[in-house]
Amino acid sequence: MLTISALIWLSRQEGLKDFATRFRTFKKLTTRFVAGETIDEVIPFIREINAEGSGASFDHLNESVASAVEAEGEVLEYLHILDRIVDTGIESNVSIKLTQFGLGLDPDLAYQNARRVVVEAQKREIFVRIDMEDSSVTQITLDIFKRLRSEFGLNDVGIVLQSYLRRTYADAEELLQIPARIRICKGAYNEPEEVAFPDKQDVDANYVKVMQLLLTSGVYHGIATHDPKMIAATIDFVRREGIGKDQFEFQMLYGIRRDLQRQLAHDGYNVRIYVPYGKHWYPYFMRRLAERPANIWFVMKNLFKG
Ligand SMILES: Cc1cc2nc3c(=O)[nH]c(=O)nc-3n(C[C@H](O)[C@H](O)[C@H](O)COP(=O)(O)OP(=O)(O)OC[C@H]3O[C@@H](n4cnc5c(N)ncnc54)[C@H](O)[C@@H]3O)c2cc1C
């Protein structure tokens, strides 16, 4: 049986990435978690969720790019997304990764590239969320975010924190001083015990603590989870504290718990679905497999079906 760390390790193997992305059967399976290959392929889905009252966040899949040219391609893709959001009138913002904009090559390049996207997004009143990647880049991601936040408004650029990291509560307190719009999620990477809680119950307890801190800050945050316990804890807390349903949003990933996404929207909560698309799906797809053992059986069954 493949372990979670083995899957996360596999998600970083370049050779396998090339093999899997060329393997047609494998590619077909990705539709479970990846909305399409191009911007226009995912727009019908965004229209569908908009009609249900939910918003979207575009994510062009690519991370840890190998060259400044590749990073430039990512900037251009995001500028194109911004235009398509305006042209089509869909309700969507964008999520970016700094390693996609060249963080691994040169932090200043990543900052400049992210800035170019935020400048254009601001003109169109579209919010840009900076995803959080593994712990080797947590500090530099926060530093670049703070630099951008000092130049742009609260509703122009936001950040993500992960409840599995021991440092997160302190980071949330510091970011709220600015203030900043934060997405809290549990965290999707394989982290050492020195930096992250190894036990799920500690990750969950920290999630609830950070969620409560965020929701009492008066800033509009994203509560990103599919975990019914985290969702129930959030709903209980906002009811108890008299926090309005319009003061925050639940966020979920494309392809996961569609039933819950619809239910929350139906119950009058703000819901935003993170919609990944593109050809570089391999690391994202492998992280989704690692989150739930049943997903591995789903893949195996379908691969051997031919
Ligand atoms: C909108 C959004 C943005 C995110 N952005 C980031 C980010 O920037 N950085 C980062 O590190 N992580 C990010 N994540 C991923 C997150 O950290 C978790 O890895 C992921 O959400 C699973 O955690 P959970 O809260 O759903 O709880 P879990 O306890 O993992 O799952 C709860 C339940 O949700 C369902 N579920 C969860 N994952 C899956 C899956 N892959 N397949 C099928 N069912 C599943 C299952 O029913 C499971 O029992 C994001 C998640 C969301 C929803």
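**Exercise 1. Work out how the lining of the largest pocket divides into nonpolar, polar and charged residues, and where that lining comes from.**

Step 1: Sort by class. In this predicted model, the lining splits into 23 nonpolar, nine polar and 17 charged residues.

Step 2: Get the volume. The largest pocket holds about 1,400 Å³ of space. Lining it are 49 residues, with K186, G187, A188, R288 and E291 closest to its centre.

Step 3: Trace the lining to secondary structure. Elements that each give at least two lining residues include α1 (4-11), β5 (182-185), α9 (200-215) and α13 (293-305). The largest share, five residues, is down to α12.

**Exercise 2. Find where the ligand sits and describe the shell around the ligand.**

Step 1: The ligand sits in the largest pocket.

Step 2: List the neighbours. The ligand has 26 residues around it, and M132, G187, T225, H226 and E291 are the closest.

Step 3: Classify them. You get eleven nonpolar, six polar and nine charged residues in this shell.

Step 4: Assign them to elements. At least two shell residues come from each of β4, β5, β7 and α12; β7 has the largest share, with three.

Definitions and conventions
Residues numbered from 1 in each chain as written. Predicted model: local features only at pLDDT ≥ 70, side-chain atom pairs only at ≥ 80, totals over all residues. Heavy atoms only, no water. 1 Å grid on protein atoms, 1.4 Å probe; cavity = no way out; pocket = protein on both sides within 12 Å on 5 of 7 lines; lining within 4 Å. Points joined across faces, edges and corners; volume = space filled by probe spheres on them. Helix = DSSP H or I, 4+ residues; strand = E, 2+ residues; numbered from the N terminus. Nonpolar A, V, L, I, M, F, W, Y, C, P; charged D, E, K, R; others polar. Near = heavy atom within 4 Å. Sits in = over half its atoms within 2 Å of the grid points.
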